[in-house]
Amino acid sequence: MIDLPTQRDAVAGPSGAPASAASTPSPYAAPSAGSGSPVESPAGAPAENLARGPVESHAAGPTPRSRARRRRAWLAAARLAVVAALLALWQLGVGAKVVDPFFWGEPQGVWATMYGWFTEGTSQGSLADQIIITLEEAVLGFLIGAVLGVVLGIALGRVQLLSELFAPFLKAANSIPRIILGSIFTVAFGFGMQSKVLLAVVLVFFGVFFNAFQGAREVDRNLIANARLLGASRWRVTRDVVLPSAFTWILASLHISFGFALIGALVGEILGANQGLGLLIRSSQNNFDMNGVLAGMVLVAVVALTAEGLITLLERRLLRWRPPQTHGGAAVE
Amino acid sequence: MAAIELRNVTKKFATADGGTYTAIQDLSLTVEDGQFCAVVGPTGCGKSTTLTLVSGLERPSRGEALIDGVPVRGIETSTGFVFQQDAVFPWKTVLDNVAAGPLYRGQRRSEALGLARDWLRRVGLGGFEDRYPHQLSGGMRKRVALAQSLINQPRILLMDEPFSALDVQTRAIMSTELLHLWDQTRPSVVFVTHDLEEAIALADKVVVLKAGPGTVKAEFEIDLPRPRVVQEIRFDPRFTRLYEQIWEALRTEVAEAYARTTRLAEVAS
Ligand SMILES: Nc1ncnc2c1ncn2[C@@H]1O[C@H](COP(=O)(O)OP(=O)(O)OP(=O)(O)O)[C@@H](O)[C@H]1O
Ligand SMILES: [Mg+2]
């Protein structure tokens, strides 16, 4: 058994590196770490995650549906009000010359920049193209990294010899700060998509790998014995028992991983690119255009939150077999 | 030729401090073809270990386990195993759980599912096909486990305290059901239990193991007539006589095992 190095994140989100899923003792605890997704929206994301628990348990409780709905609407309105108040305060601060818009930007400016990007396009071409490029890099990196991580993690978790053979290499590779790899990739593969995808792959791979590995190790031995006695081949056991049972772990890491993939793509673009949201942010920075930087940040947050939502949907679909985490959950519906 | 034979098997486990622990020692046991054999013994005496040796999940340290006269080498897929702990697949529906065996053995999906539906009806779970295990009661899950092994029509059925998690009434009902199912294909059964009444009510032969390291202390033929109704047979005077005999043999072992664990606890404290 090789001991698992905790994941070291060379590239951390604005809120610092999220808790590594690999070091989380229980797979069930890990999804909540997803709320510390590397790219957090400046506005509502953390607050929403704080509120989600009580809202759900409330909806599942005996209270009539309409009341739960009214409560939800009220919460949404209150959140909106908080955001509006903060933005207004910021704008007022700029007006009163307390906040310097040169360093901190201003909401109106951010809005104007974004509106301009939408209607007239950016200096690098249409906004949609930039978003699509970045998304493409992130999604590709995410898919390749996740598949590699799952396959290798399960393989090493299942085959003792493989894990004994490769554990030191993986530990060594994991200890390399990823940002350095970003520089190497940019030099080696140029300003095109390749270097960004590669960086995203590397960022995604280790988190998924260590989770898949641990998941494959933690499979209930009785279940494996049962499958073997029922006539399953070793390959069938891997596919039918190890993979689904490791899936709780793997999905937990996927939540965080899309954020990493996005970071990989953005950092890659900032290090050197012809296109993409990262470059947009970078060139705004070079022009001392804080509003541009912030507008780019908002766009990234929207992308990240949308992806997070999609992964949650996928998780619900794939983990239907699991008992509900909050009591009563499914029974009411 | 005996369906199951254990010839002087010893099983040692490596312990954490580098030594070995002898779970069973020099244990010999035969089960004839179609015989229902119950194994009783104090906790920790090696009952579960004995079953893993027959199924090939573990290899004996000494001695030999044979099935139909052939030494057990690898995992023995001709045996059905109902585990002491829950071992149904939580991510499969009830139907897919039961169909797993035939699918693993290369049957076509449609056939396997048809067969699984049939077996679910037989264990009284028709209509629960699409549920997941966590949506069932403990007793229902045990029935899924039972159908999951029986669907392969094993010639040898190993059951490790299959009903111990159930309440007394459900247990009696399921025991009768089990006898009924057993009667249809007559596999050779090794049924491990703590419950002496259950053992006598079900079995043709009751084997009493000694407190660990496990070895056979005594065997008793149960000549009660079949078919039996588990709920009623305990009122038979012959049942009472057998119970007294076997309990006499078992009692000292249980006392011994209990004394040993309490002694250990005292040493530890
Ligand atoms: N894998 C193992 N490693 C070390 N010791 C083991 C292992 N499996 C079983 N043992 C030991 O062997 C002894 C017999 O275990 P076993 O599970 O066969 O008991 P049992 O008779 O089934 O008990 P119970 O009735 O409580 O289920 C126990 O003392 C147990 O601690
Ligand atoms: Mg046991």
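**Reading a magnesium site, a ligand shell and a helix**

Colleague: Is Gln84(B) buried, exposed or partly exposed?

Modeller: Gln84(B) has 32% relative accessibility, so it counts as partly exposed. Buried means under 20% relative accessible area, exposed over 50%, and partly exposed in between (1.4 Å probe, protein chains only). Ser48(B) is also partly exposed, because its value is 27%.

Colleague: What should I know about the model itself?

Modeller: This is a predicted model: local features need pLDDT of at least 70, side-chain atom pairs count only at pLDDT 80 or more, and totals for chains, interfaces and linings use all residues. Residues are numbered from 1 along each chain as its sequence is written, chains are lettered from A and ligands numbered from 1 in the order written, and side-chain values use heavy atoms, without hydrogens and water.

Colleague: Which protein atoms are donors of the magnesium ion (ligand 2)?

Modeller: Donors are N, O and S atoms within 2.8 Å of the metal (3.2 Å for Na, K and Ca); water is not among the atoms, so sites may look incomplete. Here they are OG of Ser48(B) and OE1 of Gln84(B), at 1.9 to 2.4 Å. Ser48(B) sits in helix H1 (residues 47-55) of chain B, and Gln84(B) in the loop between strand E6 (79-82) and helix H2 (94-104), so the pair ties together parts 36 residues apart in sequence. Helices (H or I, at least four residues) and strands (E, at least two) are DSSP runs, numbered from the N terminus.

Colleague: Which residues come nearest to ligand 1?

Modeller: A residue is near a molecule if one of its heavy atoms lies within 4 Å of it. Of the 13 residues around ligand 1, Thr43(B), Gly44(B), Lys47(B), Ser48(B) and Thr49(B) come nearest. H1(B) gives the largest share of this shell, three residues.

Colleague: How do I read a polar contact there?

Modeller: Look for a pair of N or O atoms within 3.5 Å. A polar side-chain atom of Thr49(B) lies 2.5 Å from an oxygen atom of ligand 1. For a backbone N or O atom of Gly44(B), the distance to a ligand 1 oxygen is 2.9 Å.

Colleague: How do I check the length of a helix?

Modeller: The expected span is 1.5 Å times one less than the number of residues. Helix H5 (residues 168-185) of chain B has 18 residues, so it should span 26 Å; its end C-alpha atoms are 26 Å apart, which agrees. Just after H5(B), Arg186(B) takes a positive phi of about 50 degrees.

Colleague: Which residues of H5(B) are buried?

Modeller: Among them are Arg171(B), Met174(B), Leu178(B) and Trp182(B). An α-helix has 3.6 residues a turn, so residues three or four places apart point the same way.

Notes: A polar contact is a pair of N or O atoms within 3.5 Å; within protein, one must be able to donate a hydrogen and the other to accept it, and residues adjacent in sequence count only if both atoms are side-chain atoms.
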